[in-house]
Amino acid sequence: MNASDSTLEIAAESGAGPADSLEQRNRRLMWRLVTLAVLCAGFGFALVPLYDVICRVTGLNGRTNAMAVAAPSNTQVDTTRWVKVEFLSHSMPGVAIQFAPQEFSIDVRPGALAQINYVATNTSDRVFIGRAIPSVTPAVAAPHFKKIECFCFNEQTFQPGETRVMPVVFTVDPDMARELGTVTLSYAFFEAPKAAPKDLM
Amino acid sequence: MSVATTTHPGGHEAHHPSGLLRWIQTTNHKDIAVMYLTFAVIMLLIAGAMILVVRAELFQPGLQIVQPEFFNQLITLHGLIMVFGFAMPAATGLANYMLPLMIGAPDMALPRLNNWGFWILPPAAVMLVLPFFLGLGGVGAGGIDTGWTIYAPLSMQSGWGMDFAIFSVHMLGVSSILASINVIVTVLNMRAPGMTFWKMPLFAHGFLYTAIILITIMPVLAGGVTMLLLDRHFGTNFYNAAGGGDPVLWQHIFWFMGHPEVYVLLLPIAGLVPHILSAFTRKPTYGYKAQVYSMWGIMFLSVIVWAHHMFTSGMSVGGQLYFMYSTMAISLPLAVLFFCWIATIWRGSLTFETPMLFAIGFIVLFGWGGLTGLVLADAAADPQYHNAYFLVAHFHYALYPTTVFGAMAGIYYWLPKWTGHMLDERLGQWHFWVALIGFNVTFIPQFLLGLAGMPRRIPDYPLMFADWNMVSTVGAFVLGASHLIFVWNVIKCVRGGKKAEARAWEGAEGLEWTVPSPAPYHTFETQPAVK
Amino acid sequence: MRGVRGELVLGAALALASATATAKPFWAFPDPVTPIARETLHVHNLFMAVIVTLFFAVLAIMLYSFWKHRKSQGHQAATFTQPNSRKQWAWVLAPFAGLLILDYGVFGVPAYHAVLSYEDTQNNAELVVKVTGSQWLWQYEYPKEGIKFASHLTTPRDQIDNKAPKGENYLLEVDNPLVLPVGKKVRVITTSNDVIHSWWVPAFGVKRDAVPGFLREFWVKVEQPGTYRGQCSELCGKEHGFMPVVVNVVSQAEYTAWVTKQKEAVAKDKELSIAVLSLDDLKARGEKIYATNCTACHQATGMGVPNVFPSLVGSKVITGPVEEHIKVVLNGRPNTPMAAWSKQLSDADIAAVVTYERNSWGNKTGDAVQAAAVGKLRGDSR
């Protein structure tokens, strides 16, 4: 004797419901709820690409374009203001690359193309494969910071002792808010992870 | 246990196994509830003992008792065990025992699922704490040690205690989801004829919405910890910037679960407290519909405010303003609940038996917890509170009165129904006052410590924090002792006491008070008709 | 009745709040020395005054009811379950209208202004500082000036282990504090070398996470010279409680002099990285570095903690090939607390500490490791 027997009895006794017994109704609702749970799990995994899209659109987290964008052809250069662009570099622990921008900052006109060079040297005696991850602050400036050419788009391979000049060609959108006077771009140089990095964009 | 010793009416071929097998196989909601509650109290005592070791270390500056790496395991397990091992199983135990009785159903809708839902818990608990105890004995790197929030990339550095914890979280999540499915189906489909949606007890409402939230959020956490496991062992980079990922993604996923989780802890108690107030004021519940609507409001708002836990992570102005204002909005439905509770009390005919004391304690202390939440919601000032002791004090005022006082209020209220005996009122009063004093002496100093600048999750601290830490530790041990009074009182009541009537409390209303005390093994096999 | 009481209470609270803006109630933050700190202290005091008043007002109502409506005094229970007249509805809805105004007006408006000023993106600052969190220290960099150094906790282990009396700035003292000029707007950019840390100085009113691979920023303008202390505020492993923040805010003249000295030190380090030193010099330097960086785990005796931190006395790494020893120090051991010291210690420092370890506590390798040897091995992964 278990409870589900008694519920069936109740359904029969009280002449309950048209076609469905209580047990059938319970099962149906149960499976609907299981489906809901599975959908929510799917949502959890979908948060990964969703987060990337939101970051890209809002610049949240200082993310900038991860693939080259074409040089804007018809943009008016805004001659009424300067934007100071600062450059930082960061080699993560264990990374053999000595890595620095050639200049700390340059002033640019929004809409104009500008170029800055980073110089990197592999100070170890083995081949190094790495990837530079860019980050822009303030985050609200990130969607307006467009990189046309950047060494961060690809993995970089360095021979032992090799020194290389790595250019970044970029432009700052004229529609970036006027009160943003300074934008800082930094690259964090990581050793390329064993699995292929996710090119999510 | 006295709950189990009733005879079975003739006509059933009942031959329940006895001993251990009975408990493993049972599909009876009363048995399962007893197992949930027993499990929960054991977890409460274990996690409580862990935090007493922490507070003992924090009694004075310097490292006296434990090393920092062990300390980090203690605080992590304290949080995880309290939330997933005590608070949720205790509420589920109360729901399991009382929901069928309150809605006039013979059992939960899915009794075998009910059994599975419970029996996942003990292995999950073992998985969580085994690495910790093994580490104590010198085997392995110890238990999970990242704080219950398991932030990346710190979580990548932990030993296999983290992997065990991930599996444990999966199991705990599945258990919650199964229990939630059971609650929803029971509440929606199994009410006695005549008990419409708008007539069902507030406890049923509270638990229904709790269950809906759980089904929504636990799978998301499962996804998040799965991704962590993949990052740790299978070369993915969800949370690793080097591979195009982002550590802050983990924070979003975790808090998307973590914030509604606190309303999961609140809503069962918010549904339970009106019953107790009504009973001990001999007055009908004020604003039944308003309370239901408020619960809806809390349920919807709870899933859209999560990033107020992340104000210092570097969020845009727009994001901070949105999460600040939306978080403040939750104060409105909460205020409705408080208003209705107080209005239920107002001009009642009041007595102050133990369940009523704990219900009142919950209202007052949780009220302070909610008010300090409003302060934390201010995104600009939040950096001064975040991850400091002000925050720790806030969430303990929000969580302890709710999950502990609330559960104890429910247990004390329904013990006569379960055991057939009235509890020892004097012991109950002692428990309440010792707990109330101990709790406040523990946590009021922590507000002051936070304001003075003490961060959380540190095993040692600068000298200016010494005095309040000492006071807080003394309070913690007093509070800890009060739990022993509770356990003793429960055991005493189970074994004997003044005989309880069917309506054990004079002012108590509801279907559960129409069955004998102790409640028979099977109840409402014929559903009553409700007017 | 609740409505009127609510208004009286609110009035009292606002009066209290304005009084407390100048006074220092027990619930206040440390004395503010930046515009942000002042603004958030003001907002905080306002919020606290209001909620404390609200709490006690409602508690008073409840206590009154507990006393007046007791059954033992013969009070009969009423039966109302909702407002029954328009007047009653007004009394019931008034507190919620009040709460709405409180949330979005009294609190919401000042909070809005405070958020905007905290996140002020008119970020033409006079100085840019980069703060990097590491396990378990802070690294400060002034990119324009070309200065870079690490800031470690200097409280001796003896004090932490209760073997020596604790100093006044116990756990809040460092070897190289951040130095800032008073009165200048400073833009601080944070990032991390490993896990998420968080930089906090309560007197400045700022806390910001340091996220590996990404930048965050905030600004400070410190209005008074002095030494300000804070601590890491995001759990980052076992020494999370032992990486304080210390900032010396000095006059412009002192700041300029300090910058000059730092630049000289940078130049000297460059020299050291190619210098050849004697065994004794290396050991002496190495002993100091060991004391600051290594005793937390490996202990002053070099014997570590059994089953937790390996002993360096006669161990395979210490007495084995020099290159392997250097690599362990440079790159750490993944998934253990042994950090990669390549970021925090220069070639000269690592050479010195390795030399010290190989020639102390009964280890007698006689190896004198030079900075150039370390430089060659940087970045080799295991």
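Leaving aside neighbours within four places in sequence, with which residues is Pro274(B) in contact? In this predicted model, the residues in contact with Pro274(B) (contact meaning heavy atoms within 4.5 Å) are Leu202(B), Ile269(B), Thr285(B), Gln291(B) and Trp341(B). Pro274(B) belongs to helix H9 (residues 247–281) of chain B, where helices (H or I, at least four residues) and strands (E, at least two) are DSSP runs numbered from the N terminus. Pro274(B) counts as buried because its relative accessible area is 2%; buried means under 20% relative accessible area, exposed over 50%, and partly exposed in between (1.4 Å probe, protein chains only). Trp488(B) stands 214 residues from Pro274(B) along the chain, and the C-alpha atoms of the two are separated by 27 Å.

Residues are numbered from 1 along each chain as its sequence is written, and chains are lettered from A and ligands numbered from 1 in the order in which they are written. Local features need pLDDT of at least 70 and side-chain atom pairs count only at pLDDT 80 or more, while totals for chains, interfaces and linings use all residues; side-chain values use heavy atoms, with hydrogens and water left out.

Helix H5 of chain B covers residues 121–136. The expected span of a helix is 1.5 Å times one less than its number of residues, so the 16 residues of H5(B) should span 22 Å, and the 23 Å between the end C-alpha atoms agrees with this. The helix has a kink of about 40 degrees at Val129(B), shortly before the proline Pro131(B); the bend at a residue is the angle between axes fitted to the seven residues ending there and the seven starting there. Val129(B) and Pro131(B) are both among the buried residues of H5(B), together with Leu121(B), Ala124(B), Ala125(B), Leu128(B) and Phe132(B). An α-helix has 3.6 residues a turn, so residues three or four places apart point the same way. After H5(B) comes Gly138(B), with a positive phi near 90 degrees.

Two cis peptide bonds of chain B are described here. One joins Ala152(B) and Pro153(B), with omega about -5 degrees, and Pro153(B) is placed in the loop between H5 and helix H6 (154–157). Another joins Ser517(B) and Pro518(B), with omega about 0 degrees; Pro518(B) is in the segment after helix H17 (466–495).

Positive phi values also occur in chain B at residues other than glycine. Phi is near 60 degrees at Arg347(B), a residue in the loop between helix H12 (331–345) and helix H13 (354–376). Arg347(B) counts as partly exposed because its relative accessibility is 40%. At Phe524(B), phi is near 55 degrees. Phe524(B) lies in the segment after H17 and is buried, with a relative accessible area of 12%.

Between chain C and chain B, 93 residues of chain C are in contact with 93 residues of chain B. The buried area, which is the accessible area (1.4 Å probe) that two parts lose on being put together, summed over both, is about 7600 Å² for this pair, with 68% from carbon and sulfur atoms. One salt bridge is counted between chain C and chain B, a salt bridge being a side-chain nitrogen of Lys or Arg within 4 Å of a carboxyl oxygen of Asp or Glu. Glu506(B) and Lys71(C) form a salt bridge through their side chains, at 3.2 Å from N to O.

Glu239(C) also touches chain B, at Pro68(B), as well as Trp136(C), Arg157(C) and Ala296(C), not counting residues up to four places away in sequence. Glu239(C) sits in the loop between strand E9 (226–231) and strand E10 (244–250) of chain C, and its relative accessibility of 7% makes it buried.

Chain A itself has two helices and nine strands, and 49% of its 201 residues are buried.
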